[in-house]
Amino acid sequence: VRYLENSKFTYDNKNLIKELIQKNKTVPEIYKQINNKKRTQKNEIKHSVHGVLLEINGTGTLIMGKSGVGKSEVGLELIAKGNKFIADDKVIIKRKYNDKKLRGYCTEIPYYMEVRGLGIVNIEKIYGTKYIKSYANIDIIVEIVEDSVENETINILEEIFPIHKLEICAIKNLATEIEELVKMYRKWEW
């Protein structure tokens, strides 16, 4: 059994193996669990997008936009207001077969955000664990744009989402606008 701990399994499988060893599982039971996990992972469709994913008042909000437009700065402001951080820069979106909801996850570097002028910020260390989450459903997509543009839609894993475009302007606060958009979405949804 100790051989399994030191073998060339992925990091996640090594953690699963340690957990199963602690539960006194046999080698065949451990292999069965790993194979079940692999089968489950094969039944997922994945896609990645450039953006920041937050959970704002329980609503998964994906903030997109061109590089350098201020997505991370707006995201940091929303975290400071008490919202949960999931991912920055590259958001992995998954859908399990037969599941209508899409979920967004962090990539290889969880709970870190790169903010212009500040560098790399460890959200978990600065704000604590209540401000982070490992995933969120994708409910709303917001795109920060430089010029006024009409809203459009985006297709992610065969799910059509409206894109709410917010224009950069010196006199408006994008974080507050996004929170208001989420409130409107939640009111409309129920």
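## Salt bridges and a buried serine

Glu55 counts as buried, at 13% relative accessibility (buried means under 20% relative accessible area, exposed over 50%, and partly exposed in between, using a 1.4 Å probe and protein chains only). Before going on, a word on where this comes from: this is a predicted model, where local features need pLDDT of at least 70, side-chain atom pairs count only at pLDDT 80 or more, and totals for chains, interfaces and linings use all residues. Residues are numbered from 1 along each chain as its sequence is written, and side-chain values use heavy atoms, with hydrogens and water left out.

So what does Glu55 pair with? Its side chain meets that of Lys133 in a salt bridge, 2.5 Å from N to O. A salt bridge here is a side-chain nitrogen of Lys or Arg within 4 Å of a carboxyl oxygen of Asp or Glu, and by this rule the count comes to 8 salt bridges. Helices (H or I, at least four residues) and strands (E, at least two) are DSSP runs, numbered from the N terminus. Lys133 is partly exposed, at 28% relative accessibility.

Next come Asp139 and Lys101, whose side chains also meet in a salt bridge (2.8 Å, N to O). Asp139 sits in the loop between β7 and β8 (140-145) and Lys101 in the loop between β3 (84-96) and β4 (103-106), so this pair ties together parts that are 38 residues apart in sequence. Asp139 is buried, with a relative accessible area of 14%, while Lys101 is partly exposed at 36%.

| Salt bridge | N to O distance |
|---|---|
| Lys133 and Glu55 | 2.5 Å |
| Asp139 and Lys101 | 2.8 Å |
| Glu180 and Lys183 | 3.2 Å |

Glu180 is partly exposed, with a relative accessible area of 37%, and Lys183 is partly exposed too, at 46% relative accessibility. Elsewhere, Glu143, Glu152 and Lys165 are linked in a network of salt bridges.

Now for the serine. Ser72 is placed in helix α4 (residues 71-80) and is buried, with a relative accessible area of 11%. Which residues does Ser72 touch, not counting those up to four places away in sequence? They are Val52, Asp88, Met113, Glu114 and Val115, where contact means heavy atoms within 4.5 Å.
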